[in-house]
Amino acid sequence: MLPGLLANTWHFHEFLAHDVLKKNRGTFEFTGPWFAQMDLIITSDPMNVHYISSKNFSNYPKGPDFRMIMEPLGDGVFNADGDLWKIQRKIIHSVMKHNKFESAVEKVAHQKLETGLIPVLDHASELGTVVDLQDVLKRFAFDNICMLVLGINPNYLSVEFRQTVYANAFNTMEQAVLYRHIVPKCCWKLQKWLQIGEEKKLSRAWKTFDRFLYGRISGRKANMEQQQEEEEEFDLLAAFMEEEEEEVKEDEQICALRKTDKFLRDTAFSFLGAGNDTISSGLVWFFWLVATHPSVENKILEEIKANMVMHKKEEDGEKRFFFKAKQVNSLVYLHAALCETLRLYPPIPYNHKIAAQADILPSGHHIKRNQTVLISYYAMGRIEEIWGNDCLEFKPERWISEKGCIVHVPSYKFTAFHAGPRNCLGKDKALIQMKMVASAVIGNYHVKIAKGHPVSPCNSIILNMKYGLKVQISKRSLL
């Protein structure tokens, strides 16, 4: 298996989905070199996924190896297990239910559309230049999530495409974490000890980004202590600080932990990670699929025209259309096209688990204690038994019922937002933001893929495009 894996790293996701899992009925036992400690079970079997994610959830934590690899996340919700994870999830759930959070999601996305994304696309259209839409969307997402989580706008997205030190540090940390995923633990640990290679880059980027985060935490605490009369803009960091302890019934140890700067830093970092590249990844694959499927683009345009009760902004005689959060709920076909995109190209292509105790999966495979289990979300979107013989086709219609509603697919089959108790709490808000961006871009511009531009997924913890997405932008009018 290892020689085949190494020979096919250039298209790892496809190789694993079609040449490994499909030929082995959805589950495969991988045995690595004895010194590498890389023996694991890889599965895309929905019954196994349901069992691991829900039915026997307590036996499959993230585990110490995952926390070691994802070390920059600290004790944040995506890294935590047990009581610490439960407490964090309760607090996050409470904050996300707040009306201020819902209005902030819309306000921030709308602001970045008007002052960031639209001016950049206008500029590209006027100059007739080729732009990397993936870079544009990553910058948009970074500004968007920083405003929502930390209450600051880095202005990473602008016509100047300026470089931001902490945004670059965040990207470097992501690449270093990928490196830890794909090389034996002994290799990256040695590099960490010697402070060379990717681990040296990680160490420097980590310090840079932590200075940024801790600075913001100190600033927010100072503002709260001053008890300013003017009500500040909502952000998740401040909301997390203010959340009443009684509502989550914390014990004294967790209560004390939650008040530390380290815990607030880990929480903020987790939010930033969840809302940054995941949103931009989903959107860039969406725009590529729509641009290469004109019939889908036309149906989305027809739906936008039919529901054109929008906010209008006039500048220099030009009109811009932006759907508000509640209005995007009427865009059923657009919602279906986004779900279809996330089925084929889930932003997080794999989920890492470890068996706390020996177990037997529904497929009959035996799991050893402390054995790693890898769930391939990428492969799950390409299973004929779930999606039909046309599972490799981009077909939004599969998500729409005869009554014109979105078809519900169980989360252990449609895994883009995870499944079971660890399912994504921000799913609805993420889809709202994606629909606001998608409708604004498609309603105001025509996106054309640059001639000869290659498109393939990169081998990363986030399913970005390997070569970006080079496009030409031209304005369109729906009036």
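L190, W193, L194 and I196 come together as a nonpolar patch on the surface, with about 450 Å² of accessible area between them. A patch here is built from residues with over 30% relative accessible area and no salt bridge, with nonpolar side chains (Val, Leu, Ile, Met, Phe, Trp, Tyr) joined within 5 Å and like charges within 9 Å. A salt bridge is a side-chain nitrogen of Lys or Arg within 4 Å of a carboxyl oxygen of Asp or Glu, and accessible areas come from the Shrake-Rupley method with a 1.4 Å probe, where for residues only the protein chains shown count as cover.

Before going on, please keep in mind that this is a predicted model, in which local features need pLDDT of at least 70, side-chain atom pairs count only at pLDDT 80 or more, and totals for chains, interfaces and linings use all residues. Residues are numbered from 1 along each chain as its sequence is written, and side-chain values use heavy atoms, leaving out hydrogens and water.

**Around the patch**

One of the patch residues, L194, sits in helix 9 (residues 185–194); helices (H or I, at least four residues) and strands (E, at least two) are DSSP runs numbered from the N terminus. Q195 belongs to the loop between helix 9 and helix 10, and its phi is near 55°, a positive value in a residue other than glycine. Most residues other than glycine have a negative phi. N370 also has a positive phi, about 70°, without being a glycine, and is found in the loop between strand 8 (366–367) and strand 9 (372–376).

**A glutamate in helix 10**

E199 lies in helix 10 (residues 197–226). Its side chain makes a polar contact of 2.9 Å with that of R180. Such a contact is a pair of N or O atoms within 3.5 Å; within protein, one must be able to donate a hydrogen and the other to accept it, and residues adjacent in sequence count only if both atoms are side-chain atoms. Beyond its neighbours within four places in sequence, E199 is in contact (heavy atoms within 4.5 Å) with R180, W188, Q191 and K192.

**Accessibility at a glance**

Buried means under 20% relative accessible area, exposed over 50%, and partly exposed in between (1.4 Å probe, protein chains only).

| Residue | Relative accessibility | Class |
|---|---|---|
| E199 | 2% | buried |
| L194 | 43% | partly exposed |
| Q195 | 32% | partly exposed |
| N370 | 44% | partly exposed |
| C405 | 44% | partly exposed |
| C458 | 16% | buried |
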